[in-house]
Amino acid sequence: MSARVAALALACILVARPLAAQGPRFVDVEADLSRARFRSAVPGGGEALSGLVLGVRARTSFRAVSLEASYAQGRLSAGEGSGPSRSVVDGSLFVSTLPVPWLTLKAGPQLRAYVAPGGTERWVMWEFRARAETPIASPALSLRAHVEVWAALVSSVNADPGAAGARGGQAGMVMGLPRSPLWLRLSYAVDQVKMKDNARTEALEAVVLTIGLGGR
Amino acid sequence: MRPTAALLGLLALAASWGRPALAQTPAEQLARGVRSYQNLDFDNAAATLRAALARTGPAALSDTEQARGLVYLGATELYRGRRDSAAAAFGRLLFRDPRYRVDQLLFPPEVTGLFQQVRITTRAAAVVATPLTQLRRAGDHLVVWVYTASSQPVNVAVLRANGVPLRSLYQGEVADSLQISWDGRAADGSLADSGRYLLRVDSRGDDGRVVRSVGLRLDVMQVRRDTLPLPLPLADSLLSPEFRPGSSGRRGLMTGLAAATAVVVLPSVLASKAGGMSERFVVALALGTAGLYGFQVQRRPQPIPENIAANQALRLAWQRQADSVSAENAARRRNIGLTIRAGVWRPVAGQ
C-alpha cells in the first residue's frame, strides 16, 4: 500500500463522475451523538474506555458526486469518570459517487487522534468505502437500511512500530419523515486499526444517533 | 207583351243603375265625396263623406283614409255654414291623430284657421312604443313616445291589468311630444311580473281634471336565461391509477433483517478485538422491527405520487370549470330579463 494507490482510487472516482461544468445541487448537514467504546489490546493486556462523542457532518453534491467533511470529538474514560481517559478527535474528507442508485463509493483521508496525558496518538488513513442503501418501506414513512464497509488503503500512525492497516464498517437505518427535510439515523459503527508486528490493536465502536437536514 | 217587356226593361235598368251606388267601397265613397267637395257640391260631399266614414268592419276606411275623410268633412261642413259640425269633425280627427296637421296648400285659410283653433283647445294625446323590446341588462328600457295635439298637462303611468298603478313615469306639461322610458320595474324597484299591463296617458284640463285617457297595452314576460350545464364528471379513463398493487413485502423484511444481521456480525467480521458492544442490539432490534413494518406496508397498495399529482391537477381544473359555470349560472338566475310587446294605443276614457 502506498500513497499512490490511494491517489489512484480517488482519481478513479473523480474520472467516473467528472466535476467539471457541474454546479452544486444541494447541501445537507447532520449532527450526531455517539455512545462509543474504545478497546486497545496489547500482548498480555489492554484497556477499555467508553464515552460520548459529538459530531457534525456536511455534504455538498454535484449531481452524482459529493464532497463530504466530518468532525467529531469526545472523551473516553475507563468508567464513571475515574481512571485513565482519552479525548478522541476524528475528522474526514471524502469524495463520493453513486455508480448505481443503491451504492455509494467513497474515498478520502480520515484523521483520528487520541489525546492522552502521556501524549497524542495520531492516525492518518486513506480509505476506500462502499455503502449500500436500500428502502425498507416507503413512501408514507421512508425507512432505509444501509451497510457500509471500508478499508484503509494507506495508513500511518505516529507511534512505533507503525501502522499495519485499518478497516471498519457501519450498519443502520434512516427514517425520513414525509414532507419534511429532516431525517433520523440510527446506526452501529465499528473499526479496528492494527500496528505492525501485532504490537497493538485498537478498536472503536459506537452506536450513533444522527439528525440530518436535507439529502438523506 | 210589348208594354210588359218595356216595363221589365225599365226595372232592370233601374236596378242596374242603382247597384253601383250600393256596391261602392268606402274608398270609392271617399273619393266621390272629395270630388263633390272640389265641385263645391257640399251637401252631396257631406252625405257621401259621412257614409264613407260610417262604414265599419273589414270594409272600413283605413286610418289614413279616415283622417282624409274627416278633414274634408270638416271643410265641407264649414262651407255649409255648420261651424260646430266642422269643429267636431276636426276634433274627431285630432283624437284619432293628435299630430295631424291640415295641408295649407289644399285648404283655404278659413279651414286651416278653424282647424288650428280646434287643435289648440283639444286635449288629445297618443302614445306609441317600440313593438318588441327586450330588457336584458341594467340600463335597457322600453322607449315610449307621447304626442299631444296641443300643450297640455299629462300623467303617464303603467297600470296592472286590474287597474292598480305599478309605476308613474311622468307628470307634467307636454307641448308637442315627449319621449319617456320604462325599465320594467315597479315603483319599489322590483321587476314587473309576467302579465298584461296598461301604459296610460291622462290628459288633464285647465282645472286639473282628467279629460281624456289613452292607453297602450303592454304584454310583459319575464325571461330567464338558460343555465349552463355543469361539466361532466371526470371519466375514470381520464384519470391515472393512483395506487399500484402491493408487493409481497418480502423485500422490505429481508432488507431489515439483513441489516440487523450486519449490525450483529460486524464486530466479528471486521473488528475481532472490538468485542461488540451490547448497545448494538438496540440498533439490530430497530432494524428488525423496521423490516417487519416494511413487510406490512409493502403489502398494501402503494400510492403513485406522480399519478396522484396529475389527477389532482385534473380535478382542480375540473373544479375551477365547475365553479366558473356555477358562478355564471348564479348570475343568470339573478339577472332576469323582460320581453315587452306593445300594442296599439286606444282611447281608454273621455271623449
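Helices (DSSP H or I, at least four residues) and strands (DSSP E, at least two) are DSSP runs, numbered from the N terminus. This is a predicted model, in which local features need pLDDT of at least 70 and side-chain atom pairs count only at pLDDT 80 or more, while totals for chains, interfaces and linings use all residues. Residues are numbered from 1 along each chain as its sequence is written, chains are lettered from A and ligands numbered from 1 in the order in which they are written, and side-chain values use heavy atoms, with hydrogens and water left out.

**Helices of chain B**

A52(B) has its place in helix α3 of chain B. Buried means under 20% relative accessible area, exposed over 50%, and partly exposed in between (1.4 Å probe, protein chains only). Because its relative accessible area is 0%, A52(B) counts as buried. Contact means heavy atoms within 4.5 Å. Apart from its neighbours within four places in sequence, A52(B) is in contact with P26(B), Q29(B), L30(B) and L61(B). The C-alpha atoms of A52(B) and A27(B) are separated by 7.2 Å, although these residues are 25 residues apart along the chain.

The buried residues of α3(B) include F42(B), A45(B), L49(B) and L53(B). Their cover includes α2, α4 and α5 of chain B. The expected span of a helix is 1.5 Å times one less than its number of residues. With 13 residues, α3(B) reaches 18 Å from its first C-alpha to its last, close to the 18 Å expected. In helix α5 (residues 83-96) of chain B, the 14 residues should span 20 Å, and the end C-alpha atoms are 20 Å apart, which agrees. Among the buried residues of α5(B) are A86(B), F90(B), G91(B) and L94(B). The buried residues of α5(B) pack against α4 (63-79), α6 (109-121) and β8 (210-223) of chain B.

L40(B) lies in the loop between α2 (26-38) and α3 (42-54) of chain B. L40(B) has a positive phi of about 65 degrees although it is not a glycine, and its relative accessible area of 60% makes it exposed.

**Chain A**

Chain A contains one helix and 10 strands. Of its 216 residues, 47% count as buried. Among contacts in chain A between residues at least 6 apart in sequence, 55% join residues at least 24 apart.

Two loops of chain A hold backbone features. P161(A) is found in the loop between β7 (142-157) and β8 (163-176) of chain A, and the peptide bond from D160(A) to P161(A) is cis, with omega near 5 degrees. N198(A), in the loop between β9 (182-195) and β10 (201-213) of chain A, has a positive phi of about 55 degrees although it is not a glycine. At 54% relative accessibility, N198(A) is exposed.

**The interface**

In the model, 31 residues of chain B are in contact with 32 residues of chain A. Buried area is the accessible area (1.4 Å probe) that two parts lose on being put together, summed over both. Between chain B and chain A it is about 2,500 Å², of which carbon and sulfur atoms give 73%. In chain B, L270(B), K273(B) and M277(B) lose the most area to chain A, together 25% of what that side buries.

**Salt bridges**

A salt bridge is a side-chain nitrogen of Lys or Arg within 4 Å of a carboxyl oxygen of Asp or Glu. By this rule there are 32 salt bridges over all chains, and one is found across the interface of chain B and chain A.

| Pair | N to O distance |
|---|---|
| R35(A) and E279(B) | 3.7 Å |
| R131(A) and E133(A) | 3.3 Å |
| R131(A) and E148(A) | 3.0 Å |
| R196(B) and D219(B) | 2.9 Å |

R196(B) lies in strand β7 (residues 195-204) of chain B and D219(B) in strand β8 of chain B, so this pair ties together parts that are 23 residues apart in sequence. R196(B) is partly exposed, with a relative accessible area of 44%, and D219(B) is partly exposed at 21% relative accessibility. R131(A), by contrast, is buried at 9% relative accessibility, and E133(A) is buried with a relative accessible area of 5%. E148(A) is also buried, as is R131(A).
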